[in-house]
Structure formats: C-alpha cells, structure tokens
Amino acid sequence: RAAEPPTSPGYPRGLEVQVSLDGRTWSTPVAQGKGQGRHTNVRFNPVKAKFVRMVQTDKVEEPAPWAVERLRLFEPGAK
C-alpha cells in the first residue's frame with residue numbers, strides 16, 4: 001500500500017544559508033530564519049559565491065518532506 005501524502009506541504013522550520021567559492025569551505029550564515037510555509041523567501045545581501053547551501057536548523061516531530069522547487073539567485077543590479 002502506498003504511503004498517504006502529508007496533509008500539509010513540508011517546509012524548513014528553521015534554516016541557514018551559507019555560500020562557498022569552492023564547494024568545500026563554507027561561510028558563516030549569510031541568512032537565517034524560519035520557513036513561512038509552502039512559499040518561503042530568504043533574502044541576503046550580495047555576496048561572491050559559486051555554491052549556495054541551505055541547512056535546516058530546527059526539527060519537528062514527523063515532519064512532512066520538503067524540497068527546494070524554485071531557487072532564484074540574482075546578480076547585484078539584476079532585475
């Protein structure tokens with residue numbers, strides 16, 4: 001029997017964003033916050049980076065699975 005889908009979409013309860021130029025050495029968090037449900041916006045000041053990672057920092061009992069669906073990164077001055 002297939003697993004029942006979660007009743008509400010998952011999202012990160014707490015998160016940090018880190019950046020790296022080489023994928024091995026990571027910055028201190030450039031952003032921290034709480035997920036706001038299905039659509040979570042995370043903003044941070046411009047930084048030089050080739051890699052971006054999001055770290056979940058809070059836990060909940062039996063969380064619904066979640067994923068990044070639309071990651072949008074902008075260059076300074078881009079619209």
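Tutor: Let's settle terms: helices are DSSP runs of H or I with at least four residues, strands are runs of E with at least two, and both are numbered from the N terminus. This is a predicted model, where local features need pLDDT of at least 70, side-chain atom pairs count only at pLDDT 80 or more, and totals for chains, interfaces and linings use all residues. Residues are numbered from 1 along each chain as its sequence is written, and side-chain values use heavy atoms, leaving out hydrogens and water.

Student: Okay, which pattern does the protein follow along the sequence?

Tutor: Start with the counts: there are zero helices and three strands. Reading along the sequence, you get β-β-β.

Student: How many bridges join β1 to β3?

Tutor: Two strands count as a pair if DSSP finds at least two bridges between them. β1 runs antiparallel to β2, with three bridges joining them, and Glu16 has Gln32 as its bridge partner in β2. β1 also runs antiparallel to β3, where Val19 is partnered by Val52. The number of bridges joining β1 to β3 is six.

Student: Is β1 enclosed or open, and how many of its residues are buried?

Tutor: Buried means under 20% relative accessible area, exposed means over 50%, and partly exposed is in between (1.4 Å probe, protein chains only). One side of β1 has Leu15, Val17 and Val19, the other has Glu16, Gln18 and Ser20, and all are buried, covering both faces. β1 is largely enclosed by the rest of the structure because the buried count is six of six.

Student: Gln18 has a polar side chain contact there; which residue is the partner?

Tutor: Gln18 sits in strand β1 (residues 15-20) and counts as buried at 10% relative accessibility. Leaving aside neighbours within four places in sequence, Gln18 is in contact (heavy atoms within 4.5 Å) with residues including Trp26, Pro29, Phe51 and Val55. A polar contact is a pair of N or O atoms within 3.5 Å; within protein, one must be able to donate a hydrogen and the other to accept it, and residues adjacent in sequence count only if both atoms are side-chain atoms. At 2.6 Å, the side chain making that contact with the Gln18 side chain belongs to Arg53.

Student: Which residue forms a salt bridge with Lys34?

Tutor: A salt bridge is a side-chain nitrogen of Lys or Arg within 4 Å of a carboxyl oxygen of Asp or Glu, and the whole structure has two. One of them joins the side chains of Asp22 and Arg24 at 3.9 Å, N to O. In the other, the closest N and O atoms are 2.4 Å apart, and the partner of Lys34 is Asp58.

Student: And how many residues apart are Lys34 and Asp58?

Tutor: Lys34 is in the loop between β2 (31-33) and β3 (51-56), while Asp58 is in the segment after β3. Lys34 is exposed at 51% relative accessible area, whereas Asp58 is partly exposed at 25%. The pair links distant parts of the chain, with a separation in residues of 24.
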